[in-house]
Amino acid sequence: MVNVGIVGATGLIGQTFLKVMEERKFPVNNLYLFASSKSKGKKITFNNKEYEVEELNENSFDKPIDIALFSAGGTISKKYAPLAKEKGIIVVDNSSAWRMEPWVPLIVPEVNKEAVEKHQGIISNPNCSTIQSVIPLKPLHDKYGLKRVVFSTYQSVSGSGLSGLMDLEKGLTSTYHNKYPHPIAFNVLPHIDDFLDNGYTKEEMKMIEETKKILNDPNIKITATTVRVPVRYGHAVSANIELGKPFELEDVYDLLSNFEGIEVLDDPANNVYPMPILAEGKDKVYVGRIRRDFSVENGLNIWIVADNCRKGAATNTIQIAELLINRRF
Ligand SMILES: NC(=O)c1ccc[n+]([C@@H]2O[C@H](COP(=O)([O-])OP(=O)(O)OC[C@H]3O[C@@H](n4cnc5c(N)ncnc54)[C@H](OP(=O)(O)O)[C@@H]3O)[C@@H](O)[C@H]2O)c1
């Protein structure tokens, strides 16, 4: 049994942590819930027991916590994860704050669970679109090598937390928008996270850099366009791939169907393909529209869908925490 702290316990992902922990019978002994001053005193039920939310502060980690799951944004993680680490607490962080630090493992258990062995107190959970994308890329990379990947994403508003969902809900009947620079209802925004000097957004660079880190191959050529769409839950990714060797489509089907965490949904004649409404509330990564790209040598197109709040965030984090428990931290 472990003592668990959750930072950002009132948020969309914090709440999903608790749900996934209950479902997976995560062996919680004591549970400590933290959020902003706004949520201080709020009651949250976990495993039929009521817990009170505490305001996060510099003394929060004086408690006997073994593992702290952070999901309150990058600024909070930058400041508080080192404080927790100093107290001997292992942090699994959902924000982008620590992901590209060379000493911080960036883990998708189906792909690189061995990285947990080298942790030094902070482990990062990758970006949501990256998690669902690297899972089907892994068996293809192992067998054929990935030469180049072009990602185009269709990301739901829950990827921006509760305020993203609010922009969509209110925007259905008004021109309200607060989280995004434009209305998201009945619209599509080619803009996720801040723009950088190179013309890409931070979200696009996360997909490019994190994919290379998780697959442990800096030589894969990757580009990305990340797009926000008016969908509540579930991100979709089109991956256009150039493999390093000739392949048979049948073999690609087999590789993907037999890989842990993937369900292939690919029967276009019967209108069967992955969609966000099918993935919502589930932990699998759904892959379909598997077909050759005839425009390049060894080209392949796949369509990947997963629930961003579950496999793209909470479930992956809890799986990482389970890896820690298996090796007794
Ligand atoms: N949504 C996704 O699909 C997704 C996927 C992967 C990663 N993430 C990452 O997960 C993190 C949280 O996302 P979310 O979607 O859960 O956002 P959210 O619904 O907006 O929740 C944010 C959480 O952070 C807490 N918080 C805000 N300011 C705080 C402060 N000063 N001190 C302590 N706690 C504070 C909030 O507490 P109050 O309720 O008290 O304000 C709330 O619990 C972000 O880093 C995000 O990038 C999200």
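Reader: Is Asn271 buried or exposed?
Author: Asn271 counts as exposed, with 7 C-beta neighbours inside 10 Å. By definition a residue is buried if 20 or more other C-beta atoms lie within 10 Å of its own, exposed if 12 or fewer, and partly exposed in between, with C-beta atoms placed from the backbone. Please note that this is a predicted model, in which local features need pLDDT of at least 70 and side-chain atom pairs count only at pLDDT 80 or more, while totals for chains, interfaces and linings use all residues. Residues are numbered from 1 along each chain as its sequence is written.

Reader: Where is Asn271 placed?
Author: Asn271 is in the loop between β12 (262–264) and α8 (276–279). Helices (H or I, at least four residues) and strands (E, at least two) are DSSP runs, numbered from the N terminus. Asn271 has a positive phi of about 60 degrees, although it is not a glycine.

Reader: And what about the phi of Asn47?
Author: Asn47 is not a glycine either, and its phi is positive, at about 50 degrees. The loop between β3 (43–46) and β4 (49–52) holds Asn47. Asn47 is exposed, having 12 other C-beta atoms within 10 Å.

Reader: Turning to the domains, which ones does the assignment give?
Author: The protein chain is assigned domain 1 (2–126 + 313–326) and domain 2 (129–309). Such bounds come from an automatic or database domain assignment. The C-alpha centres of domain 1 and domain 2 are 25 Å apart.

Reader: How many residues of each are in contact?
Author: In domain 1, 17 residues are in contact with 19 residues of domain 2; contact requires C-beta atoms, placed from the backbone, within 7 Å. On the side of domain 1 that touches domain 2, α1 (12–23), α3 (109–112) and α9 (310–326) each supply at least two residues. The most comes from α9, with four residues. That side of domain 1 divides into nine nonpolar, six polar and two charged residues. Here Ala, Val, Leu, Ile, Met, Phe, Trp, Tyr, Cys and Pro count as nonpolar, Asp, Glu, Lys and Arg as charged, and the others, Gly among them, as polar.

Reader: What about the largest nonpolar core?
Author: The largest nonpolar core has 87 residues, and those with the most contacts inside it include Val7, Phe17 and Val91. A nonpolar core is a set of buried Ala, Val, Leu, Ile, Met, Phe, Trp, Tyr and Cys residues joined through C-beta atoms within 7 Å. Helix α4 (residues 128–144) gives the most to this core, seven residues. Domain 1 and domain 2 both give residues to the core, so it lies between them.

Reader: Which residues surround the ligand?
Author: There are 29 residues around the ligand, the closest being Gly11, Ser36, Ser39, Ala72 and Gly161; the cut-off is a C-beta atom, placed from the backbone, within 6 Å. The shell divides into 11 nonpolar, 17 polar and one charged. Domain 1 and domain 2 each provide at least three residues of the shell. The largest share, three residues, comes from α1.

Reader: Which residues of α5 are buried?
Author: The buried residues of α5 are Gly164, Asp167, Leu168 and Gly171. Seen down the axis of α5, these buried residues fall within an arc of 90 degrees, so they line one face of the helix. The arc is that of the directions from the helix axis to the C-beta atoms.

How values were computed:
Contact = placed C-beta atoms within 7 Å.
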